[in-house]
Amino acid sequence: MSLAMRGVGDVSGVDTILADLGRHDKLSRLAVTAPISRHRDNDFLDSGRQLNGAAAILSLSVLCDSAIEHYRGSFHNRAMYAPLIISAMTLAASLEGIANNKAEQHPGRDTVYATAGLVGLAGLGFHGYNVMKRPGGLSWLNLFYSAPVGAPTALALAGALGRCAEIVRGTEPGATAKILRHPAGELLSAFSALGIWGTVAEAALLHFRGSFHNPAMYLPISIPPAAGLSLWRCIRRASGPRVRLARTALRATAMLGFAGSAFHIYGVSRGMGGWRNWTQNLLNGPPIPAPPSFTGLALAGLAALRLREREQGHG
């Protein structure tokens, strides 16, 4: 019945129409917001899988690097087998986490990651002891040619990032992901930035040993530090321009990791005999598995930015 037929004084028709419009508007809002909410809740799973990927790259780097370095050391200490076993387990757990579509923590992966962190810290202690027991103690010569501190640190980082991945994946929909009672995006931004700067320090040390004979050797001490700084600036305020700058710098750092391995492969080929003498040149040339550590940490930084955007409500 039309309003004209009901008359101006009859408002029941108007009430009915307004009620119908209100129900229709409510259903429209639900239809619009439901996909957005589902997408935002999937951020935890996607960020967690991205952190699993970062842990996978770091553990693969440690596995290959430790295998070469400890083989060169003839495995004179049986503890030198531990990082190979644990890094292989961490790699397997991380790959399983990437393939797993369930937004929940996995106790098996959690255990492997925790073990990797502990073994990495123990290896850092062993390598530090190896440096200090040499004649001269803490000196440039011993830092150049004794056991590198970068590999066990990378294993510890892989374990820590894997644990963070599990925490983020297990966050309830609509909640804020927290690690050690802090927003996960803030903590991971700081952690990834510090990890990048630590890797820069190791690259600077080894490239200084090589006298920076190739101008490309300056890239790891220029691009990644800038990426770490731009990521650090997003800890307190992740504004749009800051996030875009950090994301661009982190992507460049990720690509630099793979480019670094290509440069190191070329460096090995320049040894006497080239790849025909790979058994010697691979042991004594630049470490091919080391540069992808930048890629893993950059991937963790990108996951942190994604969480920071969600935490500030403009992701």
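The model is predicted, so local features are taken only where pLDDT is at least 70 and side-chain atom pairs count only at pLDDT 80 or more, while totals for chains, interfaces and linings use all residues. Residues are numbered from 1 along each chain as its sequence is written, and side-chain values use heavy atoms, with hydrogens and water left out.

**Nonpolar core**

- The largest nonpolar core has 41 residues, a core being a set of buried Ala, Val, Leu, Ile, Met, Phe, Trp, Tyr and Cys residues joined through side-chain atoms within 4.5 Å; the residues with the most contacts inside it are Leu51, Leu58, Leu161, Val168, Leu188 and Leu250.
- At least two residues of this core come from each of the helices H2 (12-72), H6 (150-169), H7 (184-209), H8 (223-232), H9 (240-269) and H11 (292-311), where helices are DSSP runs (H or I, at least four residues) numbered from the N terminus.
- H11 gives the most to this core, with nine residues.
- Once its neighbours within four places in sequence are set aside, leucine 58 is in contact (heavy atoms within 4.5 Å) with Ala154, Leu157, Ala158, Leu161, Ser293, Gly296 and Leu297.

**Salt bridges**

- Seven salt bridges are found in a search of the whole structure, each being a side-chain nitrogen of Lys or Arg within 4 Å of a carboxyl oxygen of Asp or Glu.
- One of them joins the side chains of glutamate 96 and arginine 109, at 2.5 Å from N to O; because glutamate 96 lies in helix H3 (residues 82-99) and arginine 109 in helix H4 (residues 107-132), the pair ties together parts that are 13 residues apart in sequence.
- Glutamate 96 is partly exposed, with a relative accessible area of 34%, whereas arginine 109 counts as buried at 3% relative accessibility; buried means under 20% relative accessible area, exposed over 50%, and partly exposed in between, with a 1.4 Å probe and protein chains only.
- Glu96 and Arg109 are also linked with Glu166 in a network of salt bridges.
- Arginine 247 and glutamate 309 meet through their side chains in a salt bridge of 3.3 Å, N to O; arginine 247 lies in H9 and glutamate 309 in H11, so this pair ties together parts that are 62 residues apart in sequence, and both residues are buried.
- Glutamate 311 and arginine 308 form a salt bridge in which the closest N and O atoms are 2.8 Å apart, and both lie in H11, three residues apart, about one turn of the helix.
- Within that pair, glutamate 311 is partly exposed at 27% relative accessible area, while arginine 308 counts as buried at 2%.

- H4 has 26 residues and reaches 38 Å from its first C-alpha to its last, close to the 38 Å expected at 1.5 Å a residue, the expected span being 1.5 Å times one less than the number of residues.
- The buried residues of H4 include Arg109, Tyr113, Gly117, Gly120, Gly123 and His127.
- The contact between H3 and H4 is made by residues including Pro83, Ile86, Met89 and Glu96 of H3 and Arg109, Val112, Tyr113 and Val119 of H4.
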